[in-house]
Amino acid sequence: MTIYLGIDLGSTTSKAIMIDEHGKIIGRGITNTRSDYNVAADIARMDAEFDSRFSLLRRRVASDSGNLEKWNSIFNQLESRFHYLQFAKRFEILSQAMFAHAKELEESKKDLTQKFCDVFPSIRNSVRDRFFNGEVSSSSEFFRDLFSAAFMQAIDQYDRATFDRLVAVYDRSINPVENQLVEFDFLELTSQAVRLLPEELAESRDQITRHLKEIGSVSLEPADYIGTGYGRQLLPFEKKHIKSEILCHALGAHDYFPNTRTVLDIGGQDTKAIQVDEHGLVTSFQMNDRCAAGCGRYLGYIADEMSISVSELGPMAMKADRETNICSTCTVFAGAELREHLNLGERKENVLAGLHLAIVQRAFALLARSGGARNEFTFTGGVARNQAVVKYVSGMARSNYGNLTINLHPDSIFMGALGAAIFCLQRK
Amino acid sequence: MSVQKENSMLKQKQMLADHFMALSQVQTTGKKVCYTFVPGNLTELITAFDMLPVYPEINSLQSGMRQKSRDFIREAEDVGYSEDVCSYVKCDIGMMLQGNIGPTDQQLPSPDILLLSYTGCFVFMKWFENLRHLYPKAEIAMLHIPYQADGKIEPSAVQYIKDQLLTEVIPKFEKVTGKKLNDTVLADCMSRSAAAEDLLINVFESAKHRPSPIDAYFGGVYYIGPIFTSFRGSQACVEYYEELWKEVQHRVANKLGPITPDGVIPEEKYRLVVEGPPNWTNFRDFWKLFYEHGAVFVGSTYTRVGGVYDYGFRHSPEDPLASLAEYCLGCYTNRNLPQRIELIEKFIDDCDADGLVINSIKSCNSFSAGQLAMMRDIEERRGIPVGFIETDLVDPRYYSYSNIKNRLDSFFQMLEQRKEFSARKAATV
């Protein structure tokens, strides 16, 4: 099997896709982008490799014994445990760093370290339960998110001053830890994960273990690779291994939806409106490069302002009975407008709906600059996972440009990485 | 590294030095000074009255290239010009407020007359309104040029301009200079203009060769220097274009590409057409973003901003005033959008271009308004890639190297992708 690797280093998330010589996706990896872009790219690549091995393993085991549906369920449990074990190893490293930083604060070290000793087991257990219950989305909840959410909840019991000191230690520790690459041994970790499967799956465990060694040793060294995205120039790749994200997103979207003629990609801090021809070749594009008000960061800022997670924004906005009119075209001022509306007694769902609509209006202004939406219209990017954004994009696309076919795909966040991998395949 | 100097460049440099020297000496020579604008200018008429022209937008672009515009713009903003006002205007006003020291570090004389030949740029009118306050003693002549809304020059428009020349402009020139118009001198100027225009068109059309011997944008802005400013109609101007044409022919014969600040482009990889003025504050950086990719401009609309000769117009001694009227009417910014698209498509076809670049200028509505519609039209009709970038004329705050580079990287990869696709397609046939 020949492997081609595409890496999309976005401003918020880094994605990797592995495809085979037929262009079939065999693995996906995603992580949060961090200040060390190389680490982010390596983690995404490593996760794509693990995901590829699980795909191969799943196919092998299922082809042996049939009943793919049963195996899908078992593998979901297996992969959840695998990801939990990855979490646990990173958790160890972070907790050591937090103990070390706490000790540097001489006058309070005892007090702080004791509190960490008190809360760390519950954090680990609560996250483990979430993994084991299949409640963690590996494509949108990363180590940092999982730990910080559980940590904040666990230390909420303390007084404000203690809470702040504990958070300060976390803040000091998380970035250095996030910027170091933690290596994992697939065989070893999967073997451990297999042992964590429920007892009633004992027979299945044996079947998996029988194939594990072989799949673990399959070479997944890419024959070619391409890096793209916002941070592509910072990757330690030769020039020929770097491609523009415009072309990669277009190619990725065109691969999934060959009739695509317009791609709207709303990412973390850039929005791209791309026109493509029947071959997936870009004919023109527009992107924002002065203001991020129509992008994912806007949502991140609003989530921070409202002290909720980004993933809660869309569902909350979907409960609105109307959209509050948000006039600000600037993220920061929109935050002020949000507070003003809430102070005046407006429902937060309505304000959120208005904010989502505002983002989409900004994105559509860019789309209009690029030539508008043509049939078929494909919406991609991390923000395409937000159902309220999807609702307004679909509505506005149809009301502005007629009865278009609007393409959405659960893999929309991976379009850039997929396009990069396809570039490799095309030039083989 | 400095740009390799050819004889034509040295000649132009000397012409400019002589002109600014003459401007600095008007108090002793008694020559009168006419401030006017480049698009559709009346240089032959000004020269026939033995006046010296000053082009404020040329001073602004020179200030931009000499890294002085930031300071001049700040000066203008300090006295109340907003951030959104055209940066040419602010740069010029700022320069005047700081003593009107021109591009050669010599003081420019105050105008004896402000000639507003209004061709497609609304800002010109407001610009001269402000200059009138700065120079209350200057005579003012207004020449209204009707926009080519229907895409053609109507005889009535020519007559309308001729009438203005006869009743407004020439009488004021006569008043300022104390001289009567000498028809023979004007006709001679017109003949020399036509000779220079023939040569310039030869130079521009040389871009049809592969490799193109010229860069019709970054080199082109130097080539249009004499003809669009103070020298059209002069013998020196004709000689400059004779020299330039000789150099271009030499490059064609030797299959040499254009000369850049880093020497002759080793390989012409992409042939491009460009719409919009260049950025002046980072001119060489901006140029390098193209030539380092092997991109050569084979057609440029900006180099038609003074006047369009591509469809056969030449200044004519037969009916000089009608000819001047047609020249004013035909300049690029006075043409409607379909005409501008037609010119761009002519460049694309004539020179077999791979792509179009639009440099949208924050300051310049005359150019920028409608560019997105033009882009869509050309993209749909020609199916060639279009790259859209945004800079400014002389305000360095609006030149973002990384943003431009990011967009251009994508654009060049679009061109490359297309070439690779064509090669793959050819291989499978």
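Tutor: A residue is called buried under 20% relative accessible area, exposed over 50%, and partly exposed in between. Please keep in mind that this is a predicted model.

Student: Where does Phe132(A) fall, then: buried, exposed or partly exposed?

Tutor: Phe132(A) has a relative accessible area of 25%, so this residue is partly exposed.

Student: How many aromatic pairs are there over all chains?

Tutor: The search of the whole structure finds 58 aromatic pairs. One of them joins Tyr84(A) and Phe132(A): the ring centres are 5.6 Å apart and the planes stand at 85 degrees, so the pair is edge-to-face.

Student: Which parts of chain A does that pair tie together?

Tutor: Tyr84(A) belongs to helix α2 (residues 68-104) and Phe132(A) to helix α3 (residues 109-132), so the pair links parts 48 residues apart in sequence.

Student: And Tyr84(A), buried or exposed?

Tutor: Tyr84(A) is buried, at 6% relative accessible area.

Student: New topic: which residue lies over the face of Tyr398(B)?

Tutor: That is Lys362(B), at 4.6 Å from the ring centre. In chain A, Arg53(A) lies over the face of Phe186(A), at 6.0 Å from the ring centre.

Student: What about Asp92(B), where is that found?

Tutor: Asp92(B) sits in helix α6 (residues 87-97) of chain B. Asp92(B) is buried yet lacks a salt bridge. The nearest side chain of opposite charge, Arg66(B), is 11 Å away, whereas a salt bridge requires the atoms to be within 4 Å.

Student: What is Asp92(B) in contact with, leaving aside neighbours within four places in sequence?

Tutor: Asp92(B) then contacts Pro56(B), Ser60(B), Trp127(B) and Leu131(B).

Conventions: Residues are numbered from 1 along each chain as its sequence is written. Chains are lettered from A and ligands numbered from 1 in the order in which they are written. This is a predicted model: local features need pLDDT of at least 70, side-chain atom pairs count only at pLDDT 80 or more; totals for chains, interfaces and linings use all residues. Side-chain values use heavy atoms; hydrogens and water are left out. Rings of Phe, Tyr and Trp (its six-membered ring) pair if their centres lie within 6.5 Å; planes under 30 degrees apart count as stacked, over 60 as edge-to-face and the rest as tilted. Helices (H or I, at least four residues) and strands (E, at least two) are DSSP runs, numbered from the N terminus. Buried means under 20% relative accessible area, exposed over 50%, partly exposed in between (1.4 Å probe, protein chains only). A charge sits over a ring if NZ of Lys or CZ of Arg is within 6 Å of the ring centre and within 35 degrees of the ring normal. Lys and Arg count as positive and Asp and Glu as negative; His and the chain ends are not counted. Contact means heavy atoms within 4.5 Å.
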